[in-house]
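Biologist: Could we go through the charged contacts and the surface of this structure together?

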Amino acid sequence: MIFPAHDYKGETVSTIGEEKAFNPRLQVKSVDEYVEIMNNLKLANPKMMDVAVPANMKVGLHQDEIARRGWAANANKALALAGRPDVALIDLRERSERERQGIIPGALHVPYPRLQENIAPGGVLHELVRSTGKRLVLYCAFGERSAMAVQAAQDEGLTSACHIEGGIDAWKRANGPLAR
């Protein structure tokens, strides 16, 4: 069984056999033919592709590199930062995740797919940091999206940004407060 990450027909599970038999992009005879099909679709690159691909190639090891750079806070440190006037907690999860897993009280909701526009000059998070000097503490469910997001924030000059290692999962294990 495989679980396609972006299926536009609402299917959530498939098999290798089904994909080989029915996925038109796999009905090719060569790499060159595949490249030609994909180039002729004239699709724009997905948002955050330049951040997501390198992280995916490391298969979840991105958090270690972010921690090595000093851009990570473990759950206990995040608990100490929460509620401080110079800190803004930023929840990158989708609405359904927030409803299911709970919300850190006072966190701002900036879904990961909209991150780039929010951290760019003129974006809400960029202007929040510029005008108030607040430190951004980003988090997601398990820390992978927030690790990629903190790299993107750093690249945009938001040098005090960090993320919660292990995400809301680690926060819960540290008995961090949650709102529903």
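Predicted model: local features only at pLDDT ≥ 70, side-chain atom pairs only at ≥ 80, totals over all residues.

Biologist: How many salt bridges does a search of the whole structure find?

Modeller: The search finds 10 salt bridges.

Biologist: What does Arg-95 pair with?

Modeller: Arg-95 forms a salt bridge with Glu-99, and the closest N and O atoms are 3.0 Å apart.

Biologist: Where do Arg-95 and Glu-99 sit relative to each other?

Modeller: Both belong to helix H6, which covers residues 95–101. Because they are 4 residues apart in that helix, about one helical turn separates them.

Biologist: Is Glu-97 buried or exposed?

Modeller: Glu-97 has a relative accessible area of 10%, so it counts as buried, the limit being under 20%.

Biologist: Moving on, what about Arg-173 and Asp-169?

Modeller: Their side chains meet in a salt bridge, at 2.9 Å from N to O. Both residues lie in helix H10 (residues 167–173), where they are 4 residues apart, about one turn of the helix.

Biologist: How exposed is each of them?

Modeller: Arg-173 is exposed, with a relative accessible area of 60%. Asp-169 is partly exposed, with a value of 28%.

Biologist: Which residues are linked in a network of salt bridges?

Modeller: Glu-65, Arg-68 and Arg-69 are linked in such a network.

Biologist: A change of topic: which residues make the nonpolar surface patch of about 270 Å²?

Modeller: That patch is made by Val-31, Tyr-34 and Val-35.

Biologist: Where does Tyr-34 lie, and what is its relative accessibility?

Modeller: Tyr-34 lies in helix H2, residues 31–40. Its relative accessibility is 35%, so Tyr-34 counts as partly exposed. Residues of a patch need over 30% relative accessible area, and Tyr-34 at 35% therefore passes that cut-off.

Notes:
Residues numbered from 1 in each chain as written. Heavy atoms only, no water. Salt bridge = Lys/Arg side-chain N within 4 Å of Asp/Glu carboxyl O. Helix = DSSP H or I, 4+ residues; strand = E, 2+ residues; numbered from the N terminus. Buried < 20%, exposed > 50% of the residue type's maximum accessible area, 1.4 Å probe, protein only. Patch = residues over 30% accessible without salt bridge, like charges linked within 9 Å, V, L, I, M, F, W, Y side chains within 5 Å. Areas by Shrake-Rupley, 256 points an atom, 1.4 Å probe, with all protein chains shown as cover.
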